[in-house]
Amino acid sequence: MKVGIIGLGYWGPNLVRNFLAHPEVEKVYGCDKKEDRIKFIASRFPAVELMTDYDEMLAKDIDAVIIATPVDLHYPLAKKALEAGKHIWVEKPFTAKSAHAQELIDIAAEKNLRIFVDHTFIYTGAVKKIKELVDSGEIGDITYFDSVRINLGLFQHDVNVIWDLAPHDLSIMNYLLEGHKVVAVAAHGVASYYDHENIAQISVYFDNNSFAHFHVNWTSPVKIRKMLLGGTKKMLVFDDMENFEKIKVYDSGIEMKTTESIHEALVQYRIGDMHSPKVVATEALALGAKEFIASINEGREPLTSGKDGLDVVKILEASEESIKNRGKLIEIA
Ligand SMILES: NC(=O)c1ccc[n+]([C@@H]2O[C@H](COP(=O)([O-])OP(=O)(O)OC[C@H]3O[C@@H](n4cnc5c(N)ncnc54)[C@H](O)[C@@H]3O)[C@@H](O)[C@H]2O)c1
């Protein structure tokens, strides 16, 4: 397998390192329009063949293109790669518009090519463990998903805080609540410093009465990466800032014992033990690269496919529309 990576800025070098380490990857090409990034990669990874022109890279004998540029370039670069017959890996968020995501999915289907969207968290030991707990029925039915992702974040020149940070949490939500349909979104946010919102809150409604809420912020003095999952049997806290006990499962719950009328409803709380399951620490990007290459070899959709990318983009789009309309509820088709 030979791969070409475009965009060698902040995230690109992690992709270079992980694809170089993959046993089935015999050659890695790299492309960035900035000479300083080319020099940086050349000094760190001398095995990579580097260039500044994307067309030159596409003309090489490569099987797959990995796109790690700012989001507005994902669609044109991805389209060009698919049209050249290459499988693609696209960084989150998949595209800046859902219509573009759908178009890429259609081209890939027609040409029998794979689209991998880098929803990195799906490949972390913590999220895999939470998925196991949800799928085994230990948590019960999910009643809510509540997440906070805030810090003094890097302001992006092209997108607001929801397009930058929320794809992580939205992709985790969609993965854990697989099978449940998102029906509506409402969001609030403000742009305190420039054109793009730096703080936002998103509420997501599901067809089965589950509810999700996201708080993202680039202007928080403290870094919080926390997610709560409420279930009818147990409740769970995922704190990604913890080194050891990242997941805590609480044997806590609520039971509603209704008598004749709601005024006499008895709410019973169950507060039991807490345990912290072991989480495997393999680097998520290494597992993502493995999955991408396996999906190409096996001719199947990867775990984080174009469709998963599209589902996240639809929620981001609806959130943006809602923010522009002061929190108006936007139905998701
Ligand atoms: N999966 C994750 O956890 C994760 C983490 C960080 C960033 N990302 C994603 O990765 C992507 C890149 O983010 P970043 O922070 O590395 O951005 P960045 O701005 O640091 O790097 C982007 C690079 O792309 C290059 N580039 C832009 N246009 C180009 C062109 N036409 N030809 C060649 N090179 C070009 C730029 O010169 C720059 O070096 C974004 O989509 C971002 O959302 C994902």
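Trainee: What should I know before I start?
Mentor: The model is predicted, so local features need pLDDT of at least 70 and side-chain atom pairs count only at pLDDT 80 or more, while totals for chains, interfaces and linings use all residues. Residues are numbered from 1 along each chain as its sequence is written.

Trainee: OK, how many residues are in the largest nonpolar core?
Mentor: It has 87 residues, and Ile5, Ile66, Ile67 and Ile88 have the most contacts inside it. A nonpolar core is a set of buried Ala, Val, Leu, Ile, Met, Phe, Trp, Tyr and Cys residues joined through C-beta atoms within 7 Å. Buried means 20 or more other C-beta atoms within 10 Å of a residue's own, with 12 or fewer being exposed, in between partly exposed, and C-beta atoms placed from the backbone.

Trainee: Which helix gives the most to this core?
Mentor: Helix 7 (residues 161-176), with nine residues. Helices are DSSP runs (H or I, at least four residues), as are strands (E, at least two), numbered from the N terminus.

Trainee: Switching topic: which residues of helix 1 are buried?
Mentor: In helix 1 (residues 12-21), those are Gly12, Leu15, Val16, Asn18 and Phe19.

Trainee: And how do helix 1 and helix 8 cross?
Mentor: Their axes (lines fitted to C-alpha atoms over the stretch in contact, with angles from 0 to 180 degrees between N-to-C directions) come within 9 Å and cross at roughly 55°. Helix 1 and helix 8 are therefore oblique, the word for angles that aren't under 35 degrees (roughly parallel), over 145 (roughly antiparallel) or 65 to 115 (roughly perpendicular).

Trainee: Who makes the contact?
Mentor: Asn14, Leu15, Asn18, Phe19 and Ala21 of helix 1, with Leu285, Ala286 and Ala289 of helix 8. Contact means C-beta atoms, placed from the backbone, within 7 Å.

Technical notes. Two residues are in contact if their C-beta atoms, placed from the backbone, lie within 7 Å.
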